[in-house]
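Subject: Structure handover and findings

Hi,

Here is the structure for you to look over.

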Amino acid sequence: MMVYGLPEDMNCNKIFNLFCLYGNVVRVKFLRSKEGSAMVQMGDPGSVDRVMKNLNNVQFFNTKVQLGYSKQAFLQDVPNPHDLKDGTPSFKDFMGNRNNRFTNPEAAAKNRIQPPSKCLYYFNAPPKVTEDEIKKVFADAGITAPPKVKQFPSKSEKSSTGLVEWENINEAIEAMSCANHSEIPNPAGKHSYVLRLCFSGSSVTSNVGRPRYGDQ
């Protein structure tokens, strides 16, 4: 698909962090000829349709992102991509990336497709992570820390889950693009936790239990 109106500091990873909620991201390519524009290849047509339905015309970082169908069937590899303003390459292949969430039918079925909302559900956080540590993840990513955090009682000693909420949807989308898949140090081991985020249909203040996300 074609993506227009991207913020200046957007890069391939940030697009992946947002688009991966709706299907496997295969390749991302920023266009040198048209600033703020990119092409994204998803794993299947259904994924493209879900992205179009949920992310077309969303606003974040003071821009409105518009999506369209591309005439190209796939993106070819770019051996020598140019650098974006943040120094990262303008092309990236995400085939086989471990953070893709629709890698097989079982994994795909665990995802709960939600449109953008001001509340995010987080999972795969360290079991004894604190509210301040959760807020620090977003601050370290260069965005506003969530004013509201709700931690769920841990069902296991392997990881923890919860909700984080902002004042508006725009800030939550910014948080998703910048902080999804952030690493949190593991005090009990050498491998860091990779924090995973998705949009939530509930809120921190609602009297509901843990959201039903199967891939936590």
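**Conventions**

This is a predicted model: local features need pLDDT of at least 70, side-chain atom pairs count only at pLDDT 80 or more, and totals for chains, interfaces and linings use all residues. Residues are numbered from 1 along each chain as its sequence is written, and side-chain values use heavy atoms, with hydrogens and water left out.

Helices (H or I, at least four residues) and strands (E, at least two) are DSSP runs, numbered from the N terminus. Two strands pair if DSSP finds at least two bridges between them. Buried is under 20% relative accessible area, exposed is over 50%, and partly exposed is in between (1.4 Å probe, protein chains only). Contact means heavy atoms within 4.5 Å.

F30 has A38 of strand 3 as its bridge partner.

**Strand 10**

Strand 10 (residues 160–165) is largely enclosed by the rest of the structure, because six of its six residues are buried. S160, G162 and V164 point one way, T161, L163 and E165 the other way, and all are buried.

Strand 10 has antiparallel partners. Strand 8 (residues 119–125) joins it through five bridges, and L120 stands opposite V164. Strand 9 (residues 148–151) joins strand 10 through four bridges. There, K150 is the bridge partner of L163.

**Helix 4**

Helix 4 (residues 131–140) has I134, V137 and F138 buried. Seen down the helix axis, its buried residues fall within an arc of 90 degrees, so they line one face. That arc is taken from the directions from the helix axis to the C-beta atoms. As background, an α-helix has 3.6 residues a turn, so residues three or four places apart point the same way.

The face turned away from the buried side carries the exposed residues D132 and D140. Covering the buried residues are elements including strand 8, strand 9, strand 10, helix 5 (169–179), strand 11 (183–184) and strand 13 (196–199). Just after helix 4, G142 takes a positive phi of about 85 degrees.

**V194**

V194 lies in strand 12 (residues 193–194). With 23% relative accessibility, V194 counts as partly exposed. V194 and A125 are 69 residues apart in sequence, yet 7.2 Å apart in space, C-alpha to C-alpha. Leaving out residues up to four places away in sequence, V194 touches N99, F123, N124, H181, S182 and E183.

**Salt bridges**

A salt bridge here is a side-chain nitrogen of Lys or Arg within 4 Å of a carboxyl oxygen of Asp or Glu. The count by this rule is seven.

- K85 and E8: the closest N and O atoms are 3.8 Å apart. K85 lies in the loop between strand 6 (66–68) and strand 7 (91–93), and E8 in the loop between strand 1 (2–4) and helix 1 (12–19), so the pair ties together parts that are 77 residues apart in sequence. K85 is exposed at 63%, and E8 is exposed at 62%.
- K118 and E165: the closest N and O atoms are 4.0 Å apart. K118 lies in the loop between helix 3 (105–109) and strand 8, and E165 in strand 10, so this pair ties together parts that are 47 residues apart in sequence. K118 is partly exposed at 36%, whereas E165 is buried at 3%.
- K136 and D140: the N to O distance is 2.7 Å. The two are four residues apart in helix 4, so about one helical turn separates them. K136 is partly exposed at 49%, and D140 is exposed at 57%.

Salt bridges that share partners also join E8, E35 and K85 into one network.

Best wishes
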